[in-house]
Amino acid sequence: MAPCYFAAVSSGDEPAPPTRQIGAHQVSVGAFRVRVALGPDAGATTESEATELTVGSDLGNSLQLTDPTVSRHHCAFTPTFAGVTVHDLQSTNGTFIAGCRVESALLAPQTTVRIGQTSLVFEPLDHLVPQPVSDLESFGGMLGTSLVMRRLFSLLPRIAASDATVLIEGETGTGKSLLARMIHEASGRAPKPFVVVDCSAIPPSLIESELFGHEKGAFTGAVARRGGLFEAADGGTVFLDEIGELPLETQPVLLSVLETREVRRVGAIDTRKINVRLIAATNRDLREEVNRGTFRSDLWYRLNTLRLAIPPLRERPEDIALLVAHFYRQFASDSKAGPPLDLVERMCRHRWPGNVRELRSAVERALVFSDPALWEELGANEPLPQDPQPEDAGFPVEFSPEVSFRTAKGRIVARWERAYLAELMRQNDGNISQAARTARMDRNYLRELLARHGINIR
């Protein structure tokens with residue numbers, strides 16, 4: 001199951017949007033096609049019904065190529081807020097548009113994307129695909145009024161009701177652990193254990209013993225027989241957090257457990273039947289790890305049964321006010337009191353690279369230090385750039401009755417943003433890490449902006 005990325009966009013004379021609101025409980029998402037124009041597989045096409053479309057040489061891709069210069073998981077075409085993007089999956093030979101290597105780029109219709117010896121053409125289709133949207137603003141402890149979150153909420157009851165493996169993707173602090181717990185608590189397994197395993201916190205030499213148990217004398221220090229965490233979760237759910245950190249040598253054992261639903265303790269001969277559901281989470285794209293050779297492709301395909309992506313806060317800013325109010329009531333001595341308007345306004349102007357976790361800490365800090373002048377000094381995140389006034393930015397006001405306000409404004413802002421980024425990189429000699437520190441912004445987000453504007457980086 002491909003991850004879901006949906007967003008509402010306006011109408012007007014702009015390019016056809018990937019998503020349109022068509023009712024309180026439904027959105028319609030634009031379909032698209034990727035066609036092989038040149039290369040060993042010329043003529044091949046694959047259509048996407050408004051979900052992610054992947055390209056690579058491995059069998060599990062939406063479009064499998066025989067080109068030997070294409071990586072196993074080479075790139076992905078994904079519907080986003082602004083349109084369809086192409087994202088390179090850390091391929092060996094790169095993804096190119098108009099001769100420039102890109103990490104991520106927003107695509108115009110008929111854009112040619114070159115990968116290896118193959119040229120792909122992106123073609124939006126005329127038809128729209130209806131998608132359900134929840135009318136609720138929460139799922140358990142998860143909150144969100146944005147379309148992308150309500151789309152996620154509409155999927156979760158069916159996912160919770162199944163026993164299928166779930167892979168949750170998202171940046172640090174987006175709420176992957178909370179989502180995993182909410183899925184468990186909404187499932188028939190709720191009365192049984194929910195066992196959390198942080199794969200990054202267990203020493204590699206002990207992780208197999210921790211997960212699957214060991215027999216007495218199986219290794220130095222194994223003074224008694226001990227069951228593992230999978231046995232402890234019998235009847236319930238095992239949540240493997242940061243599964244991208246799972247050592248390569250342990251991955252075949254986990255794959256075997258998922259296939260057979262049996263575990264063998266370290267040092268044992270016999271296996272034991274288990275009845276568990278697996279939910280895994282990662283802040284990485286595991287396809288990139290497959291390309292690097294640090295994650296097994298067969299395990300990736302086994303985990304990729306139901307795949308959910310939690311968007312970062314910067315992609316759903318309309319949820320910030322709701323979250324601020326929620327955390328304020330959580331921390332305030334008067335639990336019924338709402339947050340001050342100036343606090344909400346300040347919080348809504350920030351990027352929050354640490355996402356919901358960072359926002360929660362900032363609200364708690366604001367309650368401890370009630371003076372607004374102290375909030376930024378105590379670590380509030382870099383504010384979003386304000387919309388530039390055309391005369392201040394040096395750009396003339398361009399008015400035409402044929403151009404919508406949104407489009408005209410977008411053009412000015414895009415020109416300002418590109419000029420700022422170009423100067424930022426010039427001042428920092430093209431060094432992206434140094435530029436991110438100078439601008440006090442998240443390095444990965446800076447990369448996305450540079451790719452979007454076609455500014456070369458090193």
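Because the model is predicted, local features are reported only at pLDDT of at least 70 and side-chain atom pairs only at pLDDT 80 or more, while totals for chains, interfaces and linings use all residues. Residues are numbered from 1 along each chain as its sequence is written, and side-chain values rest on heavy atoms, with hydrogens and water left out.

The protein holds 14 helices and 23 strands; both are DSSP runs numbered from the N terminus, with helices being H or I of at least four residues and strands E of at least two. Of its 458 residues, 47% count as buried, where buried means under 20% relative accessible area, exposed means over 50%, and partly exposed lies in between (1.4 Å probe, protein chains only). The exposed surface comes to about 21500 Å², with carbon and sulfur atoms supplying 51% of it; accessible areas follow the Shrake-Rupley method with a 1.4 Å probe, and for residues only the protein chains shown count as cover. Taking contacts (heavy atoms within 4.5 Å) between residues at least 6 apart in sequence, 61% join residues at least 24 apart.

Turning to the sheet, five strands form an open arrangement in the order 5-4-6-7-10, with mixed pairing. Two strands are taken to pair if DSSP finds at least two bridges between them. Strands of a sheet pair through backbone hydrogen bonds, in either a parallel or an antiparallel sense, and strand 4 (residues 53-56) takes part in both kinds of pairing. With strand 6 (residues 75-79), strand 4 pairs in the antiparallel sense over three bridges, and Thr54 stands opposite Ala76 there. With strand 5 (residues 63-64), strand 4 runs parallel and is joined by two bridges; here Gly56 has Gln64 as its bridge partner. In a regular strand the side chains alternate between the two faces of the sheet. In strand 4, Leu53 and Val55 point one way and Thr54 and Gly56 the other, and all are buried.

The second largest pocket has a volume of about 500 Å³. Of the 21 residues lining this pocket, Gly173, Gly175, Leu178, Val356 and Arg357 are the closest to its centre. Two or more lining residues come from each of strand 14 (142-143), helix 2 (176-185), helix 8 (320-331) and helix 10 (355-368). By class, the lining comprises six nonpolar, nine polar and six charged residues. For the pocket search, a 1 Å grid is laid over the protein atoms alone; a pocket is an open set of points with protein on both sides within 12 Å along at least five of seven lines, and lining residues have an atom within 4 Å of a point. Grid points are joined across faces, edges and corners, and the volume is the space filled by probe spheres set on the points. Ala, Val, Leu, Ile, Met, Phe, Trp, Tyr, Cys and Pro count as nonpolar, Asp, Glu, Lys and Arg as charged, and the others, Gly among them, as polar.

Finally, the loop between helix 9 (341-348) and helix 10 contains Trp352, a residue other than glycine with a positive phi near 60 degrees. Trp352 is buried at 0% relative accessibility. Pro353 is also placed in the loop between helix 9 and helix 10 but is partly exposed, at 28%. The C-alpha atom of Pro353 is separated by 7.8 Å from that of Leu313, 40 residues away along the chain. In helix 10 itself, Asn355 has a positive phi of about 60 degrees although it is not a glycine, and this residue is buried, with a relative accessible area of 1%.

How values were computed: 1 Å grid on protein atoms, 1.4 Å probe; cavity = no way out; pocket = protein on both sides within 12 Å on 5 of 7 lines; lining within 4 Å.
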